[in-house]
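I opened this entry to note what I looked up about charged pairs and helix packing, and I keep the steps in the order in which I took them.

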Amino acid sequence: MLSQRQLGELGSASATLLRGTYDPGRALFPFSSRLGDRGVEHTFDHPQTIRYTINTLLGIQRAAQSDGEDPLLQGSGWMVDRFLELHLEQTSNPADLGLLLLLLAEGGRDEQLLSQVVDRISATLESRSAGAFTIQELGWMLWGSSVAARLGAPKAEEVAHGVFGLVDERFVDPESLLARHNLSRQRSRVVSFGGTVYFLRSVYEYGILSGTPRPARLFESGVRAMLELQGPRGEWPWMISVRTGIPLDFYPVFGVHQDSMAMLFLLPALDDGLVDVESAIARSLAWSLGDNELGEPMYGRDGFFAYRSIRRDQLLFRERRFARSLARALVDRPGSLTGGRGVAVNRECRSYHLGWILYAWAGRADQPGLEAR
């Protein structure tokens, strides 16, 4: 399924774990995997399993493209073919369509298929009001259409221009230049780290397409804002104030943010020499290798298993997280870390985490290892 010759230790371990999770009958990777008494137990019936599978296929495809001569990679596109056969019609969320377009465009799929997905994104953009979108949905639509347009997909450039115009006009805060989660009164003050990652990567890709200064300015400004809120051990906070760019709540600190999603903006910034991000990358990876408040590696001790997060060990932590973040946003009070008190490792693994590891690092000479350096 995947090459191990041109993948680093982290990528190779992720590839090996993915081999055992794929269900060819469903053409899906699991939403969640947990270590139980009978081995690894997988969950496939969550609504976001489709999204996670597209995400994982994107990483697998990029890993395959980094070493096309390896026999393990020959025919790896059959998983994409099987997914399209079973799930193309039911893939309808605008974020999922955007990521699917990216998968198909980077995979060199035919114009007819690309046009079909572009048309569905365009119809969604025309039929829904701005207030019905989130920045993650728009970010993935912009990312996918920008790359598809650069690779020659019909009508994709028009879609990319439309999505960027909506993001820049309605979602970007004029002072901080960060993007809102959505346009609702409550969530316009608070944005997640994940939403910000996809916003930054999408404006970066659109900037390459358009060659205009505005997306480049949004990208560079956003990267600098993210560097300011990174925690002392490299932690990326989960909730961020849109207006001020301060961290509102660090928890959960997600492993996928540390080793791969942050790299979706840090590595382009590194490669382009726009901002000094080397220290941020090193500290982000070190956190996953055990330089965190619990002193525990996030990849398991007895065998590779990418743990999901360090989170607060309390009831209703999700509901409390949002309420806490909103209250802090109203008074511009930053959140803080606990120093290891009242937090625990969530030992669940999500397939998309492994997919982002492969996507972010495959083919790079600076791929991370699994031992602290």
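I began with E205, which counts as buried because its relative accessibility is 5%, and buried here means under 20%. I noted at the outset that the model is a predicted one, so I treat every value below as computed from that prediction.

I then looked for the partner of E205 and found a salt bridge with R150, in which the closest N and O atoms are 3.0 Å apart. R150 belongs to helix α6 (residues 135–150) and E205 to helix α8 (residues 193–210), so this pair ties together parts that lie 55 residues apart in sequence. R150 itself is partly exposed, at a relative accessible area of 36%, whereas E205 is buried.

Next I asked myself how many salt bridges there are by this rule. The count comes to 19, and I followed up a few of them.

I looked up D168 and R214, whose side chains meet in a salt bridge with an N to O distance of 2.9 Å. Since D168 sits in helix α7 (residues 156–171) and R214 in helix α9 (residues 213–229), the pair ties together parts that are 46 residues apart in sequence. For R214 I wrote down a relative accessible area of 29%, which makes this residue partly exposed.

I find both partly exposed, E220 with a relative accessible area of 27% and R224 with 42%.

I also recorded a network of salt bridges that links R34, E348 and R350.

Going through the residues where they meet, I listed M263, L264 and L267 on the α11 side, and W356, Y359, A360 and W361 on the α14 side. Sorted by class, this contact of α11 with α14 has 7 nonpolar residues, no polar and no charged ones.

Key. Residues are numbered from 1 along each chain as its sequence is written. This is a predicted model: local features need pLDDT of at least 70, side-chain atom pairs count only at pLDDT 80 or more; totals for chains, interfaces and linings use all residues. Side-chain values use heavy atoms; hydrogens and water are left out. Contact means heavy atoms within 4.5 Å. Helices (H or I, at least four residues) and strands (E, at least two) are DSSP runs, numbered from the N terminus. Ala, Val, Leu, Ile, Met, Phe, Trp, Tyr, Cys and Pro count as nonpolar, Asp, Glu, Lys and Arg as charged, and the others, Gly among them, as polar. A salt bridge is a side-chain nitrogen of Lys or Arg within 4 Å of a carboxyl oxygen of Asp or Glu. Buried means under 20% relative accessible area, exposed over 50%, partly exposed in between (1.4 Å probe, protein chains only).
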